[in-house]
Amino acid sequence: MTLAQKRSTSPKFDNSFISWIQKQIPEIVPPAIALGIFLGLWQLFAFTPGATLPGPIKVIQDTWSLILYPFYDKGGIDKGLFWQIFASLQRVAIGYSFAAVIGIGLGVAIGVNKTLSKALDPLFQLLRTVPPLAWVPISLAALRQNEPAALFVIFITAIWPILINTAVGVKEIPQDYTNVAKVLQLSKKDYFINILIPAALPYIFTGLRIAIGLAWLAIIAAEIVMSGIVGIGFFIWDAYQNNYISEIILALVYIGVVGLLLDKGMAWLQNKILPEQK
C-alpha cells in the first residue's frame, strides 16, 4: 500500500472510530453515573455508626482472592466462583431445555384444542403460582437426590411462562391465516411449520425470555436449601453460615451479571430470528 493510499484510508478509519465512540457515549455514560452514585451512597451508609453491611471498598478487600482467582479448584465444594457459576448454569441449561421442549409442545396442543385448554387451564394456573422454594421439599422427597431434585425445581419453575405464552400465541393466530391454509389445502404438517409456529414465535420468545430469568432464580433458591452440591446458591449459604458477608455480596454481583447476560443473550437470539421484533 502506498503512502497516498494510507493517508486516504486512515482518516476514514479515524472518523468511523470516533463516530462509533460518540454513539456509545449516550449508552455508557448514564449507567456509569448511576452506578457511581449507587456505590458512593452504599459506601457512605457503610461509614455510618452501627452499619452491619460492609461497603464496596471492604467487599473488594475481603474478596480480592476470589476476584483474582475465580478458576481455582481444591476439590469437593472448595472451588472458585467460575466453577460455582458454571455448575449452576449446567443445571439451568438442562432443566430449562426440558421446560422449553415440553412447554412449547403442551402450549401448542392447548392452543389448538379448546377442550384441552378448558380441562388443563385451572390446573396450570394453580401450579404456576407455587414458589420455587416450595417445590424443593417435595422434589427431594420424591427423587431423594439433590441433583435431580434441583433439575426438577428449575423445570417446574420455567415451564409455565413458556407454556402459557405459547398457548396464547397459538390462540392469537389471525383467522385469515387459517382461511388461507384451508384455501391452499395445506396439510397439518405444512400448516404447523409454515403458519402456526412463525405466527406464534413472538409469544414463544416472550415466554422463553421470562423463563430463563425464572430458571436462574430457581436454581439459586434450590441450591441454597440443598447442601453439599457445587453451585453459586450453596456458595452463598455456606458463606452465610460462616458469616462471610463480603463473599455473599460478591456472589450476588456475579448472579446479577449472569442473569443480565442470560436475558441479553435471549434477546439477541430473538432479534436474530425475528428481526422485526427489534
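**A close look at a helix pair**

Tutor: Happy to! Of the 278 residues in the chain, 33% count as buried. Please keep in mind that this is a predicted model.

Our pair is helix α6, residues 132-143, and helix α7, residues 146-171. Their axes come within 9 Å and cross at roughly 140°. Angles over 145 degrees would count as roughly antiparallel, and that makes α6 oblique to α7. The crossing of α6 and α7 is right-handed.

Now for the side of α6: P132, W135, V136, S139, L140 and L143 take part in the contact. On α7 they meet N146, P148, A149, F152, V153, I156 and T157. Sorted by class, the residues where α6 touches α7 comprise 10 nonpolar, three polar and no charged.

For a comparison, look at helix α4 (residues 81-112) and helix α9 (residues 188-225), whose axes come within 8 Å and cross at roughly 145°. The crossing of α4 and α9 is also right-handed. Among the contact residues are I85, R91 and Y96 of α4, along with F192, W216 and E223 of α9. This contact has 17 nonpolar, one polar and two charged residues.

Stepping back to the whole chain, residues 24 or more positions apart account for 67% of the contacts with a separation of 6 or more. The accessible surface comes to about 17000 Å², and 68% of that belongs to carbon and sulfur atoms.

Note on methods:
Residues numbered from 1 in each chain as written. Predicted model: local features only at pLDDT ≥ 70, side-chain atom pairs only at ≥ 80, totals over all residues. Heavy atoms only, no water. Axes fitted to C-alpha atoms, helices over the stretch in contact; angles between N-to-C directions. Helix = DSSP H or I, 4+ residues; strand = E, 2+ residues; numbered from the N terminus. Parallel < 35°, antiparallel > 145°, perpendicular 65-115°, else oblique. Left-handed = near helix turned anticlockwise from the far one by under 90°. Contact = heavy atoms within 4.5 Å. Nonpolar A, V, L, I, M, F, W, Y, C, P; charged D, E, K, R; others polar. Buried < 20%, exposed > 50% of the residue type's maximum accessible area, 1.4 Å probe, protein only. Areas by Shrake-Rupley, 256 points an atom, 1.4 Å probe, with all protein chains shown as cover.
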